[in-house]
Amino acid sequence: QKRANDQTLCCWYSRGAASLRRNLTGPGIAVPMGGRAERARVTLASITMDAIQVRKYREEDAGSIRACIVELQEYERAIDPRLRPGTSIAADYLAQMLVRCRDYVGEIFVADTAGVVAGFVAVVAHMPFHELDDPPGAYALITDLVVLERFRRRGYGAALLNAAERY
């Protein structure tokens, strides 16, 4: 319910574990789910929405993209410890992505909020089929999608996927 006189939203939510769900409080506002229900008041003036700008990769983004690669690689290393540390592959992996984009008509898009890179997506638009039983031609492929953990569940991944699909 929204009361116009004090610009306050009232909503019901349940307090609990780590899972989150979007509530009627609006886009980008998540409330915990689980345990027992409680009533919460959220003042509209205190709600800040992230301004997401998705743009093409620029050379000055290299350090931030490498940080995204490190975070992703460390996450994957938790699953498979045989993988190399993120810091040891980040520079070469970024170089490989740039070559792949050049060779296969691709682009890296960056999610930027207030000058901070929150994540990126790499997409190639003309990846040729290689297998003998593949049809002739090419296909599009999203090779990488990373949103830094502190920016997740705020629409950055969706915005990046939307940019990749439009490309």
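**Notebook: a first pass through the chain**

I counted the elements first: the chain has three helices and nine strands. Helices here are DSSP runs of H or I with at least four residues, strands are runs of E with at least two, and both are numbered from the N terminus. I read their order from the N terminus as β-β-β-β-β-β-α-α-β-β-β-α.

I noted the ground rules. The model is predicted, so I keep in mind that local features need pLDDT of at least 70, side-chain atom pairs count only at pLDDT 80 or more, and totals for chains, interfaces and linings use all residues. Residues are numbered from 1 along each chain as its sequence is written, and side-chain values use heavy atoms, with hydrogens and water left out.

**Whole chain**

I looked up burial. Of the 167 residues, 32% count as buried. Buried means under 20% relative accessible area, exposed means over 50%, and partly exposed lies in between (1.4 Å probe, protein chains only). The accessible surface comes to about 10600 Å², and 54% of that belongs to carbon and sulfur atoms. These areas come from the Shrake-Rupley method with a 1.4 Å probe; for residues, only the protein chains shown count as cover.

I then checked contacts, meaning heavy atoms within 4.5 Å. Among contacts with a separation of 6 or more, 48% join residues 24 or more positions apart.

**Core**

Which residues touch the most other members of the largest nonpolar core? I found Tyr-57, Ile-65, Ile-69, Leu-94, Met-97, Ile-108 and Phe-120, out of 27 residues in that core. Such a core is a set of buried Ala, Val, Leu, Ile, Met, Phe, Trp, Tyr and Cys residues joined through side-chain atoms within 4.5 Å. The elements giving two or more residues to this core are α1 (62-79), α2 (86-103), β7 (106-113), β8, β9 and α3 (156-166). Strand β8 gives the largest share, six residues.

I followed Tyr-57 further. Beyond its neighbours within four places in sequence, Tyr-57 contacts Ala-62, Ile-65, Leu-94, Leu-98, Ile-108 and Val-110.

**Helix α3**

I asked which residues of α3 are buried. They are Tyr-156, Leu-160, Ala-163 and Ala-164. They cover an arc of only 100° around the axis, so they sit on the same side of α3. The arc is taken from the directions from the helix axis to the C-beta atoms. Their cover includes β6 (53-56), β7, β8 and β9. On the face turned away from the buried side, I see the exposed residues Ala-158, Glu-165 and Arg-166.

**Aromatic pairs**

I searched the whole structure and got three aromatic pairs. Rings of Phe, Tyr and Trp (its six-membered ring) pair if their centres lie within 6.5 Å; planes under 30 degrees apart count as stacked, over 60 as edge-to-face and the rest as tilted.

Phe-129 and Tyr-139 have ring centres 4.9 Å apart and planes at 45°, so this pair is tilted. Phe-129 is in the loop between β8 (116-128) and β9 (138-147), and Tyr-139 is in β9, so the pair ties together parts 10 residues apart in sequence. Phe-129 is partly exposed at 31% relative accessibility, and Tyr-139 is partly exposed at 32%.

Phe-151 and Tyr-156 have centres 5.5 Å apart and planes at 70°, so I logged an edge-to-face pair. Both Phe-151 and Tyr-156 are buried.

**Positive phi**

I noted Val-105, a residue other than glycine with phi near 55°. Val-105 is in the loop between α2 and β7 and is partly exposed at 48% relative accessibility. Arg-153, also not a glycine, has a positive phi of about 65°. Arg-153 is in the loop between β9 and α3 and counts as exposed at 57% relative accessibility.
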